[in-house]
Amino acid sequence: FDVLQELASLWEKMRCYNVGKQARSELVSEALRKMNGKFVEIAGSHVAARVLQVILIWCFTIYQTCVKYCTQEERDAVFEALRPHLLALSRKKYAVHLVKKLLDHASKKQLEWFISSLHGHVTSLLRHSVGSAVIDYVFHLANGSQKQILLMEMYSTELQLFKDLTLTNSGRLVDIISKLGLQKSSVLQHMMSVIQSLLEKGIVDHSIIHKALMEFFTIADKSSAADVIQQLLPLLVRESASAEESPHFSAPEMQKKRKIKNKNVKEPLLVRMIHTRDGLKICILSVKHASAKERKKVIKGIKGHVRKLSLDQLGSLLLVCVLSVVDDTKLVTKIVIREMQTMLKELVLDKNGRRTVLQLLHPQCSRYFAPEDLACLSLSAEETEDPMEVGLEQCQNGEAPMTDNENSEVGRKSVQLDTVGKKDSFRRRCELMVESGLAEGLFETCTDNVGELLRSNFGKEVVYEVFFFCHFLLSCCINFINILILDMDVSYFVYVVNPLAVGGSDGILQSFADRMDALHKAIASLAALPNTNESQEEHVLENFHSSRLIRKLILDCPGFAATLWEMALDGKCDVWAQGHSCKVLLAFLESSVSEVKDLAKPELQPLMDRGVLKAPENRLVEKGV
C-alpha cells in the first residue's frame, strides 16, 4: 500500500505540464525503480496501472524526440516482465489499459509473439466483456495475415486446435473451406454458436466481429442468416455509453473532461457500428430486412444522431439507405428530415453531408457515390438470381490474403432477404423532398448562399441537382401528357413550355416557380458584377468550380441560359473572352437548343472570327449555321 501511495504521488508530479524534462526524467526513473519486480501486482491495481501507462507514454514521446530520458531497453524490460501474464491481464478491468499501451508501443516481433500467444483463446476472450476490447485492439494493429489468423479461430474448432491450419493464404471463408477440406455444415454450426454467444452478451461493436459476421453470411443458409439479423435488430437500437477512448496522457486535464463527457453520451449500437465498412453493411442489411415496426424503432434510435451520421463517410450511407427503403415517410420526416433542415448549409457544403440531399435529388448517382458505396447500397433482393428467394446479399473482398483496407468491394457470393419497401420510390422521394418542406428550404439555402455554393467543389453539385430535380418532376408530367393526351414530341415541350408555370399534373411544381426563378436571377446577378481586383472573392465566371457549373447549366437548362444572357452577358462578351469565363461563352454556341445559339451568336461569332474567343482544340463549335 505504501508503494502504491508513493507511485500515485510520483504520477501526479510527472503528469503536470510545468515539470521540466530533466525533472520528469528523474521521476520516471524513480518510479521504475520502485516498481521493479512488482510489475504484475501493480498492473492489476487501478492507480498503479495508470502510473505505468504514463511512464510508457512519456518514454515513447521522449524516445521519439531523441531525448532519451527512458531507454527502449527499459520499456522492453517491462514487456518481458509482464509477458507470461499478458493473457490474464487482458481480462482484468484496469490492467487491460496497460496491455493496450504495451501493444501500442510494442515492436513488430513483440506484437507477432502476442498474436501467436492468443491462439486458442480468441473466441473465449471475445466473449469476455473486457478481453474483447484487447482482441479488437490487436486486430487494428495487426497486418493482413495476422488479422486472418485471428479471424480463422472463429470459423472452426479444427482451426482453434491446430495452429498450422491458420497459416493458409486464403482470405475468404469460402476459399478456406475449399482449400482445407472443411465441412461447411460444421463451420456454420461453430460460427453460429460463437456469434449467438456474442449477440446474447451484446458484444457486437468490434471490427473483428463485423468481419466475422460478413464472412458468416457468405455461407449461411436462409434461416441462419435471418436468425442472426433478427437477434441483431434489438441490439442496434439499444442505447449504451459510447466506448471510452484510449487514454492519452500528454494532456491529462483534457483527458479527464473527455472521460466525463463520454460517460454522459448515449449512442445506439447502430451509430457505433458504422466505424467500419463491414459494420455499415450489417446495419444496412438489418435495416432492409427489418419489418415496418422494427424500422420505426431503428429510425427512433438515430434521433439526435442525424448530424453525426450525415457528416460521416459511412454514416451518411446509412442515412441514404433509410431514406431509400423506409416507407413511413412521416416518421422519417419528423426525425431525419427535420434535423437535416436545421443544418442544410452545412450539409450541402460537406463532402459526406451532401450525399443525403443528393440521394433525394438524384438517387445512387455514380458521380457522387464511389463504387464500393454503391455496392453497399445495392444490397437488395433485386440482384438475386432467383427474385422469389429470400436471402441475404453479401459484399466481400475477393483478395487473399485479407488486406488492411476496410473498403472491400462487392463480391460474387450472396444470399438474399426481403429488403425493399412497398412504396413507389418516386412517391417516397416526393414525400421526403416536397411535402416535408425540405425542397423549399433547399431553394432558400441555395439562393441565400449562391456565391459560396457555386465556388464550392461540393456545393455546386447540389445546385445543379436542385435545377434538375424540378425538371425531373416536369418530365414525368410531360410524359404523362404526351402519352395520354397530346401524343406529341416531349422535347418540344421541354423547351417551349415554361416548366415553372406548368405546376405538374397535381400542382407539385407550382410552389417552386418563384424559387427557381429567384435562383436563376441570383446566379445571373453574381455573373453581372464587374470583375475588379478589389473584390476579395474570385468572380463566378472566373472561378474554376463556378464557371464549369454555369457552363453546364447553360447546356442543360435553356431557361437559365436566356436569363444569364439577358442579365449578365449581353453586350459584355468581349470582357469575358479569356480565362475560365470563355468556356461559359462557348457553351451558348455548343447548346443543342437552336434558340440558345441564336441568342448569343450575333455577338460571339465576330469574337470567334477575330480570334478573341478561341474554342479549345478538343471541342468543336459550329460557325457557319
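**View 1. W565 counts as buried, at 4% relative accessibility.** Buried denotes under 20% relative accessible area, exposed over 50% and partly exposed in between, with a 1.4 Å probe and protein chains only. The model is predicted: local features need pLDDT of at least 70 and side-chain atom pairs count only at pLDDT 80 or more, whereas totals for chains, interfaces and linings use all residues. Residues are numbered from 1 along each chain as its sequence is written, and side-chain values use heavy atoms, without hydrogens and water. Across the protein chain of 625 residues, buried residues make up 53%, and the secondary structure comprises 37 helices and 2 strands (DSSP runs numbered from the N terminus; helices H or I of at least four residues, strands E of at least two).

**View 2. W565 and F588 form an edge-to-face aromatic pair.** The centre-to-centre distance is 5.2 Å, with 65° between the planes of W565 and F588. This pair also links distant parts of the chain, with W565 in helix α35 and F588 in helix α36 (residues 581-590), 23 residues apart. F588 counts as buried, at 0% relative accessibility.

**View 3. L564 and the largest nonpolar core.** Among the 162 residues of this core, those that touch the most other members are F467, I523, L564, L569, F588 and L604 (the core joins buried Ala, Val, Leu, Ile, Met, Phe, Trp, Tyr and Cys through side-chain atoms within 4.5 Å). With neighbours within four places in sequence left aside, L564 is in contact with A524, A527, I550, I554, L569, V584 and F588 (heavy atoms within 4.5 Å). In the protein chain, 72% of the contacts with a separation of 6 or more involve residues 24 or more positions apart.

**View 4. Lysines K147 and K552 over aromatic rings.** K552 lies over the face of Y464, at 4.3 Å from the ring centre, and K147 lies over the face of F139, at 5.2 Å from the ring centre (NZ of Lys or CZ of Arg within 6 Å of the centre and within 35 degrees of the ring normal).

Terms used
Phe/Tyr/Trp six-rings, centres within 6.5 Å; stacked < 30°, edge-to-face > 60°.
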